[in-house]
Amino acid sequence: MNLAPYAMHAENSRGRRHPEPQHPYRSDYARDRDRIIHSRAFRRLEAKTQVFSTRYSDHFRNRLTHTLEVAQIARTVAGALELNTELAEALALAHDVGHPPFGHAGEKKLDELMRAFGASFDHNLHALHIVEQFEQRYLDFPGLNLTFEVREGIVKHSRDFSPAQFPQLAEYALAERPPLEAQLMDWVDEIAYNIADLDDAREAGLLPLEELLREAPVFREMYAAVEATHREAREKLKFNEALKRVLDLLATDLIEATRRGIADSGAASVEDIRRAPKRLAGFSETAAARNAELKRFLTTRVYNHPAITKDRDRSVRCLEELFLYYLDNPEAMPPFYTELSAHEPRYVVVCDYIAGMTDLFLLRRHHDLFGSARRAAT
């Protein structure tokens, strides 16, 4: 693999917490990628909501298929920039393993519940907890024993953490920027979910084409170009082609704008990237504005659509009721969690248990205890 000098080379990794011998034909980042794929937390993503629950259709994205789309875009963008595609793929595959049931609404509710105890819930920090401690697959160490750069990227790909406010994360060099492979993650994630959520909303019948053309200028431009050459084609196929062109526009801009940012900074090594005064990966101003338009449109017309919010709010109420029930009845959790609750703060153990649940498992447990999960899911 021919990498740019500012790419993260596997042989320059800061290593694993528990040293292991090198694999004969896989790099450390390839091994990390494979460990993530084989983890239980990764498999559970298949049964966690992205936006649309399975009551709409089983054709829509779930958290796992979304993750695979993020990984595909991440590899493409990283490869075009001559970055380490194995590291980028590992980070993309791990970026959502800490998500609780019911998407961002579930995360928001868990965070609200934890704040009552002076704590918080962040799916990225929970992902770190999963890969460092919660996954138990190996004889010689807890967790997955991932490389420093993958663990660092899980923590820092979305935001900068204050060293003073998060002393427990001190080992992750909070004063430094993460490598470019990690800096790309939020951007490729946004590309993936903006495109996918428009596609699924249209398929669900919640998004009239006229509304999308009127309120999303970048899509309107792409659709007009398709219409000019394929006027007689089926509307669905013209929609698909326009959406594909939006994806290509954003991914291409991310590559070109990041390349310009690197060149303008004069960065010639990973250490230069780490010491840069700001992150260097990102869209141009024009593409950032267009991407923001899509996000605003989705928030207004899709994420807050009554058909979505009604289903989501019922499910999140089930999550809250289960959390409060297990706080008062820790013996109702599986033995592993019951034992943990005798030695660790109960609210933390309850949060970990619920965050690991799939959507349907949580609703089934709620039904077993309260008899209302089926009504909440319909």
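Close-up 1. Phe 141 is buried, at a relative accessible area of 10%, where buried means under 20%, exposed over 50% and partly exposed in between (1.4 Å probe, protein chains only). Please keep in mind that this is a predicted model, in which local features need pLDDT of at least 70, side-chain atom pairs count only at pLDDT 80 or more, and totals for chains, interfaces and linings use all residues. Residues are numbered from 1 along each chain as its sequence is written, and side-chain values use heavy atoms, leaving out hydrogens and water. Tyr 138 is partly exposed, with a value of 30% for relative accessible area. A search of the whole structure finds 14 aromatic pairs; rings of Phe, Tyr and Trp (its six-membered ring) pair if their centres lie within 6.5 Å, with planes under 30 degrees apart counted as stacked, over 60 as edge-to-face and the rest as tilted. Tyr 138 and Phe 141 make a tilted pair because their planes meet at 35°, with ring centres 5.1 Å apart.

**Close-up 2. Tyr 326 meets Tyr 353.** This aromatic pair is edge-to-face, with 65° between the planes and 5.4 Å from centre to centre. Tyr 326 belongs to helix H15 (residues 306-328) and Tyr 353 to helix H17 (residues 346-355), so the pair ties together parts 27 residues apart in sequence. Helices here are DSSP runs (H or I, at least four residues), numbered from the N terminus. Tyr 326 is buried at 0% relative accessible area, and Tyr 353 is buried at 7%.

**Close-up 3. Arginines over rings.** The charged end of Arg 35 sits over the ring of Tyr 138, 5.1 Å from its centre (CZ of Arg or NZ of Lys within 6 Å of the ring centre and within 35 degrees of the ring normal). Arg 159 lies over the face of Phe 161, 4.0 Å from the ring centre.

Terms used
Helices (H or I, at least four residues) and strands (E, at least two) are DSSP runs, numbered from the N terminus.
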